[in-house]
Every structure is written in C-alpha cells, then in structure tokens.
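Please study the sequence and the structure shown here.

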Amino acid sequence: MLRVTEIFRSIQGESTHAGRPCTFVRLTGCPMRCVWCDSEYTFSGGEHFSIEEVMNRVRNFGCRLVEVTGGEPLAQKEAFRLIGRLCDDGFEVLIETGGFVSTEDVDPRAKIILDIKCPASGEEPRNHWPNLKRLRPELDEVKFVVANRGDWEFAQSIIERYDLTRCAKAVLISPAWGEIDLKALADWIAESGLEVRMQLQLHKYIWGPDARGV
Ligand code: SF4
C-alpha cells in the first residue's frame, strides 16, 4: 500500500514540462525539513491506496503526463513499483525528488527532476551526490531552489563542478517563494552566462501560493 496525500489533475507548474496537462500523485511523508518547504501538509496524514487504486485514478484523469511527487516520493518503497506500473501503461512519468534518496532503482523509463538542496534550505548536508552521476542528458533535470545570493553561488559551484549543463537536460533555478528578489536573481543568472533556466512556479501565480490540489 502507498500513503497518498492527493491525486489531482492540473497543469505542470515547473521544469521544461511547465504548462502541460498533468496528473499529480502526491505521496505522503518526507524525512527532510527544508526551511522554505511549501508542502508541509504532506508530512503526515494521507490515505492508504493500493497501486491499482492509484492507477485507476490516474487513468480516469486522462493525461499522458503523470508526476509522482510528495513529500518525498522515493521515501516509500512501494513508490518504485508504482513508477514501473505507470511506465508499463505508457504514461510519461516524471519523478520530483528532494535528492537525498538514491535514484538507482527508479524505473529507467521515468524522467527524474532532482532537487539539489542549497544551504539556506538547512538540508544541504543530506544531498545524495551519487545521484548526479546517474543523470541522463536527454531525460533528467536538476533543480536548485535559491533563497539568497549564497544559494546562487553554491548552485553555480555545483553546476560547474559536476558539469550539470551537459549532464542534465536542463538546470532549473527556482526562486524560493517570497524569499528573494526576482529581478536580482534574473540579473545574477544573466550575468553568469550559464546555460541554466530560471523558472517560476506557474501554479502559484495562477492559484496562489497556498492552494492545494493544483
Ligand atoms: S524535500 Fe521537499 S517535501 Fe521534503 S521538506 Fe524539502 S521541500 Fe519539503
């Protein structure tokens, strides 16, 4: 059984898939505690679903794109089986992971969007660096949530050290909501000349920062 906070259909708000219709399976629970976390409501509660129950809900929404997210989706062992079942059914599957659980056993047909936690999150020491070696340039994306100048400098150093603009399909720079001046971040990115992509969380601009199920 899986512990599930919500399953819903919306548009994808982030990554190179932003704007596409997408079904989200948001699993319950996360052992991390990022300072700026916007999904603390997933830390507890949730309902138990079998994999088949999740599959039926996902099929009923009728989107080709499905994201498995959380919380931390890979913290539940059954999530790996769910990902495989979604891939078997022909869905295009995205995994949004906080980056501290190994991605080694994720079905290779799924596309990984891997967070790299910056210092202001408070969880930087828990980054699982071997995940970066498994990135596939045609499929996987990395995301840095940046809350201040120090985070941006950290992100630049990691991008250069691991050659991420070549190893990943996209390097996403996402401002921590309400924490950083967007124009300043845009300037830093433009000045750097790095082949990264600043992204805003579309769903928060459309429905507001506290809306759930969107
Ligand atoms: S990893 Fe994600 S869900 Fe977990 S605390 Fe950090 S931001 Fe929140």
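**Cavity, pockets and aromatic pairs**

The largest cavity is lined by G99, L114, D115, I116, N127, H128, W129, N131 and L132. The model is a predicted one, in which local features need pLDDT of at least 70 and side-chain atom pairs count only at pLDDT 80 or more, while totals for chains, interfaces and linings use all residues. Residues are numbered from 1 along each chain as its sequence is written, and side-chain values use heavy atoms, with hydrogens and water left out.

Rolling a probe the size of a water molecule over the atoms shows where empty space is left. On a 1 Å grid over the protein atoms alone, a cavity is a set of points where a 1.4 Å probe fits but cannot get out, whereas a pocket is an open set with protein on both sides within 12 Å along at least five of seven lines; lining residues have an atom within 4 Å of a point. Grid points are joined across faces, edges and corners, and a volume is the space filled by probe spheres set on the points.

By this rule there is one cavity of 30 Å³ or more, and the volume of the largest cavity is about 30 Å³. Both β6 and α3 supply at least two residues of its lining (helices, H or I with at least four residues, and strands, E with at least two, are DSSP runs numbered from the N terminus). The lining of the largest cavity comprises four nonpolar, four polar and one charged residue; here Ala, Val, Leu, Ile, Met, Phe, Trp, Tyr, Cys and Pro count as nonpolar, Asp, Glu, Lys and Arg as charged, and the others, Gly among them, as polar.

The largest pocket holds about 820 Å³ of space. Its lining consists of 46 residues, and R26, D38, S39, G70 and Q201 lie nearest its centre. Among the elements that give two or more residues to this lining are β2 (21-27), β4 (65-69) and α7 (202-207), while β1 gives the most, with three residues. By class, the lining of the largest pocket has 19 nonpolar, 13 polar and 14 charged residues.

The ligand takes up the space of the largest pocket (a molecule sits in a pocket if more than half of its atoms lie within 2 Å of its grid points). Around the ligand are C30, M32, R33, C34, W36, C37, S39, F43, G71 and K117, each with a heavy atom within 4 Å of it. This shell has six nonpolar, two polar and two charged residues.

The second largest pocket has a volume of about 160 Å³. Of the 13 residues that line it, T103, I112, R134, R136 and D140 lie nearest its centre.

The structure also holds three aromatic pairs. Rings of Phe, Tyr and Trp (its six-membered ring) pair if their centres lie within 6.5 Å; planes under 30 degrees apart count as stacked, over 60 as edge-to-face and the rest as tilted. W129 and Y162 are stacked, at 5.7 Å centre to centre and 5° between the planes. W129 lies in the loop between β6 (111-115) and α3 (130-133) and Y162 in the loop between α4 (149-161) and α5 (164-167), so this pair ties together parts that are 33 residues apart in sequence. W129 is partly exposed at 26% relative accessible area, whereas Y162 is buried at 18% (buried means under 20%, exposed over 50%, and partly exposed in between, with a 1.4 Å probe and protein chains only).
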